[in-house]
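Trainee: I would like to learn how to read helix packing. Please take me through a case.

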Amino acid sequence: MKTRMTDSYLFKCIMLVIACFILDSTISYFLPYNYTKVGMTIVPCLGLMMFSMLVRTVDGAERYLFAAICSVYYSIVYSNSLAIYILIYCLIAFVRSYLFKLESLSLIESMIFCILTIFAQECVVYWLMWITNMTRYPIVSFLTMRILPTLIVNLVLSVGVYWVYNKVKIEVE
């Protein structure tokens, strides 16, 4: 019976993160996105924030399955690089589960953790694109035209993620 409970719990977590990714897509239509790389770009990260909150509540090795499923979905729908997002999401699962072990987070702790997670992901992706010559976007422009606006908008959005996370009342079984 426990495996059915865990499976259904894992399924609920996956569906919640996928719903957040879909909401990310909807919100992104209303935010600036610059294809020419000369203006501001804002990337909503509700799915990443919800994932980083939920991953602590999934038990044992299933958290890495959860990370893999969420990252494969993200990679297929939003990205052209499969392996890097699997590594990033599994690393987030490790950090959240073994290094940042707080059972519950206050609103401020949650906001800081989400912003640091987004910052780390964006920097890793930018660095990998830079060393593989996929981009020559200057670091100063990247920081001022993408990272800073993205972090500010996601700081506001993280309040909603925190509210939904607490409203759902997901706890470690």
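Trainee: At what angle do the axes of H2 and H5 cross?

Mentor: Axes are lines fitted to C-alpha atoms, for helices over the stretch in contact, and angles run from 0 to 180 degrees between N-to-C directions. Helices are DSSP runs (H or I, at least four residues), numbered from the N terminus. Here the axes of H2 and H5 cross at roughly 120 degrees and come within 10 Å. That makes H2 oblique to H5, since angles under 35 degrees count as roughly parallel, over 145 as roughly antiparallel, 65 to 115 as roughly perpendicular and the rest as oblique. This is a predicted model: local features need pLDDT of at least 70, side-chain atom pairs count only at pLDDT 80 or more, and totals for chains, interfaces and linings use all residues. Residues are numbered from 1 along each chain as its sequence is written, and side-chain values use heavy atoms, with hydrogens and water left out.

Trainee: Is the crossing of H2 and H5 left-handed or right-handed?

Mentor: A crossing is left-handed if the near helix is turned anticlockwise from the far one by less than a right angle, and right-handed if clockwise. H2 and H5 cross in the right-handed sense. Contact means heavy atoms within 4.5 Å. From H2, Leu 48, Met 49, Ser 52 and Met 53 take part; the H5 side includes Phe 113, Cys 114 and Ile 118.

Trainee: How many residues of H2 are buried?

Mentor: Buried means under 20% relative accessible area, exposed over 50%, partly exposed in between (1.4 Å probe, protein chains only). In H2, nine of the nine residues are buried, so the helix is largely enclosed by the rest of the structure. Among them are Gly 47, Met 50 and Phe 51.

Trainee: At what angle do H5 and H6 pack?

Mentor: Their angle is about 145 degrees, and the axes lie 9 Å apart. This crossing of H5 and H6 is right-handed. The contact includes Glu 122 and Tyr 126 of H5, and Arg 146 and Asn 154 of H6.

Trainee: Where in H6 does the kink lie?

Mentor: The bend at a residue is the angle between axes fitted to the seven residues ending there and the seven starting there. H6 (residues 139–168) has a kink of about 30 degrees at Ile 147, shortly before Pro 149. Ile 147 and Pro 149 are both buried. The buried residues of H6 pack against H2 (46–54) and H5 (107–131).

Trainee: Where is Ser 106 found?

Mentor: Ser 106 sits in the loop between H4 (82–99) and H5. Ser 106 is partly exposed, at 33% relative accessible area. The C-alpha atoms of Ser 106 and Tyr 162 are 8.8 Å apart, across 56 residues of chain.

Notes:
Helix = DSSP H or I, 4+ residues; strand = E, 2+ residues; numbered from the N terminus.
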